[in-house]
Amino acid sequence: MTIDQEIQKAAEILAGAKNAAASCGAGVSAESGIATFRDPGGVWERVNPAEVGTADGLMATLQRSPEKLLPFFRELLDTFERAEPNPAHVALRDLEHMGILKTVVTQNIDNLHLEAGNTDVVEVHGNSFRFRCLSCSWSQDFSRKELIREVKEKIDSAEGFTLSEIIEMMPKCEHCQSVTRPDVVMFGEAVQDIPRAFDAARKCDVMLAVGTSGVVYPAAYLPFQAKEAGAWVIVVNPNENAFQRVSDAYIPLKAGEAMPKLVESVKSIIAG
Ligand code: NAD
Ligand code: ZN
């Protein structure tokens with residue numbers, strides 16, 4: 001089948017759906033300027049996952065040679081500050097407004113699905129703009145751009161970039177004044193909200209797997225779980241991925257190109 005035929009098939013499947021779910025990976029935000037981890041040019045080409053990807057590794061690196069991470073942090077802050085929802089996020093929002101898509105399960109920590117306007121978003125790897133107290137259960141959401149601006153100001157005005165200065169830059173817990181950390185899931189840590197994610201996968205009539213490689217578990221089970229429960233599976237990814245073999249329609253395009261085309265096709269099918 002040609003790509004246009006795959007889009008048409010996917011649109012016909014979606015036009016009849018009432019309870020679709022999406023399982024989204026880093027690829028959805030690639031066109032918002034946020035690099036994926038594993039792709040060429042991705043984050044893992046520039047930093048060592050063992051040094052920044054685990055909580056222990058990150059703490060050890062920050063203790064030993066924090067200045068090594070300063071350019072990486074600055075770049076990360078700039079990237080997250082500039083990022084805006086792209087046409088793929090907007091298309092997923094449109095599908096929710098059309099009464100087709102119910103839940104977005106995302107591995108992304110960038111808050112962009114919520115900013116685009118999806119209302120039922122399950123963030124299995126957390127959210128970098130939510131902070132969690134290390135002593136009590138307090139957690140608080142911060143506005144993305146405001147938080148980044150504040151952190152950047154703190155970095156610029158700090159004497160140096162040492163572990164204790166970095167901890168000082170984190171928001172303090174409102175209840176016990178303890179240290180907080182971004183509520184994101186690092187390697188080796190427990191994923192969040194997973195029952196809700198699997199519930200969506202089991203109950204959906206269509207599962208859209210968008211911009212996800214299928215190598216990070218347990219999120220990678222979701223499209224397989226949906227397929228097993230009888231849902232249609234639509235895959236959007238310009239590169240080879242684990243979900244192709246269970247897909248009923250496979251659109252090998254970038255999410256920002258594929259998703260708006262898909263929504264337009266669904267609209268024209270519904271309009272008759
Ligand atoms: P991943 O395993 O989901 O892989 C990314 C996938 O996106 C790949 O399959 C790639 O082919 C695809 N892709 C690349 N560009 C695309 C595009 N324009 N449109 C559609 N698909 C595209 O994720 P990863 O990069 O290995 O990251 C691992 C984990 O790290 C993520 O699950 C996430 O928790 C975190 N992460 C988050 C962000 C973010 O919040 N935006 C970015 C990078 C990594
Ligand atoms: Zn606290």
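**Helix packing and a metal site**

Modeller: Start with helix α1 (residues 3-15) and helix α12 (residues 255-271): their axes come within 8 Å and cross at roughly 60°. Axes are lines fitted to C-alpha atoms, for helices over the stretch in contact, and angles run from 0 to 180 degrees between N-to-C directions. Helices (H or I, at least four residues) and strands (E, at least two) are DSSP runs, numbered from the N terminus.

Biologist: Before we go on, what kind of model is this?
Modeller: It is a predicted model, where local features need pLDDT of at least 70, side-chain atom pairs count only at pLDDT 80 or more, and totals for chains, interfaces and linings use all residues. Residues are numbered from 1 along each chain as its sequence is written, chains are lettered from A and ligands numbered from 1 in the order in which they are written, and side-chain values use heavy atoms, with hydrogens and water left out.

Biologist: Okay. Which residues in α1 and α12 meet?
Modeller: From α1, I7, Q8, A10, A11, E12, L14 and A15 touch K261, L262, S265, V266, I269 and I270 of α12. Contact means heavy atoms within 4.5 Å. By class, that contact of α1 with α12 has 9 nonpolar, 2 polar and 2 charged residues. Ala, Val, Leu, Ile, Met, Phe, Trp, Tyr, Cys and Pro count as nonpolar, Asp, Glu, Lys and Arg as charged, and the others, Gly among them, as polar.

Biologist: And at what angle does α6 pack on α12?
Modeller: Helix α6 (residues 87-97) packs on α12 at about 30°, with the axes 7 Å apart. That makes α6 roughly parallel to α12 (under 35 degrees; over 145 is roughly antiparallel, 65 to 115 roughly perpendicular and the rest oblique).

Biologist: What meets what there?
Modeller: P87, A88, A91, L92, D94 and L95 of α6 meet A255, G256, M259, P260 and V263 of α12. These divide into 9 nonpolar, 1 polar and 1 charged.

Biologist: New topic. Which residues hold the zinc ion (ligand 2) as donors?
Modeller: C133, C136, C173 and C176, each through SG, at 2.2 to 2.3 Å. Donors are N, O and S atoms within 2.8 Å of the metal (3.2 Å for Na, K and Ca); water is not among the atoms, so sites may look incomplete.

Biologist: How are the donor residues spaced in sequence?
Modeller: The pattern is C-x2-C-x36-C-x2-C. C136 lies in the loop between β4 (126-133) and β5 (139-141), and C173 in the loop between α9 (163-169) and β6 (180-184), so the pair ties together parts that are 37 residues apart in sequence.
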